[in-house]
Amino acid sequence: MAHDSLYAQPEAPAERAEAHAWWRTALTRWDTVIVVVLAAVVVVASLSIDGFASTGNAQFLLLDVVPIALIALPLTLIIITGEIDLSVASTLGLCSAVMGQLWLTGLPLEVIVVLVVLLGGLLGAVNGVFVTRFGLPALAVTIGTLAAYRGLAYVVLGDRAVADFPYDWTAASLSTVAGGSLPWAMVMVLLLACAFGVVLHVTPFGRKLYAMGNNAEAASFAGVSVATAKFWLFVTSGAVSGLAGVFWTLRFASARADNAFALELAVVAAVLLGGVSIFGGRGALLGVLAGVLLLGTVRNALQLADVSSEALYVVTGSLLVASVVVPNVVGMARSWLRRRRRAAPA
Amino acid sequence: MKTGAPVAEGQQATPTAEPAKTNGRTRFVQRLWVVREIGIAAALGLLVLVTAIDSPGFLSAPSIRDVLLGASILVILAVGQTVVIVSRNIDLSVGSVLGLVAFATGKLFLAAPGTPIVLAILAGIGLGAVCGAINGALVATARVPALVITLGMLYVYRGVDHLWAKGQQINAADMPAGFLSMGTSTLLGVPVLAFIALAVVLVAGMYLHSYRSGRELYAIGSEPNAARLSGIPVGRRVFGAFVVCGGMAGLAGALYAARFGTIDATVGTGLELEVVAAAVVGGVAIFGGSGSVYGAALGALLLTTIGTSLAVLRIDPFWQQAVVGGLILAAIGLDRLLALRVANRLKGRSSHGA
């Protein structure tokens, strides 16, 4: 199939896998590594940076990661099936622009929110049709719709901003559980994450997604309806991006066509950092959530520590590169050692 | 991310089917892909025609010069990107490399105002090639996906740019007049930048079409395992492709500095997807193995012309990006149709025992 043979995988470490105890496998899994790194960053930042551990800071840290965390959930599933969706940030922008325009027409906000999420689903369905019905590569299709949806957002709202959303709605987007530091929006993310987690890791449908990612052809011969599943994943991705658009608009009390511009690569980076293979077939939702939180925490800590926020770019990039290079190099070193041991006389 | 197997193979096998045996089958296939490039050229011609009929001023020398000037940098980037994409890789870091090199060029002139222009451009290409070599080394030796590596390096190069600039902005006054005038001046009415871009296109086009290592890039893009088994040094070729792409991004960065004169650390942000879009519109298959730099260059020219045309036609400029998006979708749809026809034709021939 297409391109998975491209970057030869490190020579199969599988042969010795059964020799490991389960806890050793668990400890060396990437999602465990990333959770530990996240915990370490939180501890170090709390101890060394003034104001990091405050209620207010935690609230804003969590609010900041909500859009990326939301979009990362369906994107994880899509990447596990071996596809990709780069149009998510443009979908968010278009949904935000439409939300602003509809608000100007005087519709009640409850109706608008439903319409906007439906619109997101529709935009996702367009991607899904191109990918699953016409058989076009998702990377190219969603680069196309990335431009198209962002363009349509400008067509809808131009360079204007709609900002007069009712106060109770914008305040609600910031509100926290019992006035603490956990925003309700984050609770929504966690509930959705549980739903996606159950679908991916517990249901047969979830297993099928992995099967597709490993070998779509084999999966379809085994009776998995690959096209239908992928289509609905794109619809879900669009709808969740629409929901993220609603949150973004309310949180900043501003509907603009350029909302979340270029956010797509940040989301993809978070998902890949979370240990999902770009070729599909591998990854877990826990790792992705930890990846999203890790990026958000590092950014927040750097800002508080007065390190220029641009240094974050270097950190993000290095983490991402390390997340793929380190396991590969370790794998190669292991197999080299094994070969040497075998070659040496007993 | 996975294309339907049989058709993709038919499509990707085409350029490698070229050497020696020019039987009817390959001739048909070649003709079809020439048609693909003629198709973009025709779309471009039609766009120019419609715009010119509406407002003849569009074909005036200054207007053409503006379009060529605007397209030159994107064309150079698209050429570099094509070299990487045909080998079934991708380089998302080009926008950041362009920004870093543009800033470095400005810094070079600040530090040594007397630097000869050619030397400054060569330094830019060199820095870009170093960035490309880092990408290439990571992809080829650590054997990890190019999409992930170059996405990471997109952030790293941009971050280095920001850390270096510390909010500083370099202005036209900081750079020698001769360098700046190269960015906008013309030769026989054609911008110097366009000549540079044309030279890049021709050299890269000849390399990919006629040189052994150029052909090997297509072979790698068509089927990396088969390429490896047939003795092609895959790692070295892929590494080379990334160095070339980085070098082109470096050249584009130096030219960007010359053309715009004002440089800060945000230069070239988001350019990477536009470059990939130009290549895709130009018929370069996103999973490698087929496409040409001529197509990619035409794609870049078409994307740039759309912007100008819409303005001339007094269409709301906000439509521009939507049109570009539609164009990308139309282009990949067309490629798919062509690939299907190729596959059918090849199937038909082989079943007749040809």
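First, a term I need: I call two residues in contact if their C-beta atoms, placed from the backbone, lie within 7 Å. On that basis I looked at chain B, where, among contacts between residues at least 6 apart in sequence, 81% join residues at least 24 apart.

Ground rules. This is a predicted model, in which local features need pLDDT of at least 70, side-chain atom pairs count only at pLDDT 80 or more, and totals for chains, interfaces and linings use all residues. Residues are numbered from 1 along each chain as its sequence is written, while chains are lettered from A and ligands numbered from 1 in the order in which they are written.

Confidence. The model scores ipTM 0.78 and pTM 0.83. I checked pLDDT, the predictor's confidence in each residue from 0 to 100: chain B has a mean of 83, with 89% of its residues at 70 or more. Residues 1-21 of chain B stay under 50, and the model has 55 contacts beyond four places in sequence for them. Where pLDDT is low, the predicted coordinates should not be read in detail.

Chain B overall. I take helices (H or I, at least four residues) and strands (E, at least two) as DSSP runs, numbered from the N terminus. Chain B comes to 14 helices and two strands. I call a residue buried if 20 or more other C-beta atoms lie within 10 Å of its own, exposed if 12 or fewer, and partly exposed in between, with C-beta atoms placed from the backbone. Of the 354 residues in chain B, 55% are buried.

A crossing in chain B. Axes here are lines fitted to C-alpha atoms, for helices over the stretch in contact, and angles run from 0 to 180 degrees between N-to-C directions. Helix 4 (residues 94-111) and helix 12 (residues 271-281) of chain B cross at roughly 120 degrees, their axes coming within 6 Å. That makes the two oblique (under 35 degrees is roughly parallel, over 145 roughly antiparallel, 65 to 115 roughly perpendicular, the rest oblique). Val94(B), Gly95(B) and Leu98(B) of helix 4 meet Leu271(B), Glu272(B) and Val275(B) of helix 12.

Which helix of chain A gives the largest share of the side that touches chain B? I first noted that 56 residues of chain A and 50 residues of chain B take part. Helix 6 of chain A gives the largest share of the chain A side, with 15 residues. That side divides into 38 nonpolar, 14 polar and four charged residues (Ala, Val, Leu, Ile, Met, Phe, Trp, Tyr, Cys and Pro count as nonpolar, Asp, Glu, Lys and Arg as charged, the others, Gly among them, as polar).

Helix 6 of chain A. It is largely enclosed by the rest of the structure, since 19 of its 20 residues are buried. Its end-to-end C-alpha reach is 28 Å, close to the 28 Å expected (1.5 Å times one less than its number of residues). Just after helix 6, Gly158(A) takes a positive phi of about 60 degrees.

Helix 11 of chain A. Its 26 residues (226-251) should span 38 Å, and the end C-alpha atoms are 37 Å apart, which agrees. Buried residues number 19 of the 26. Helix 7 (residues 167-174) of chain A packs against helix 11 at about 110 degrees, with axes 8 Å apart, which makes them roughly perpendicular.
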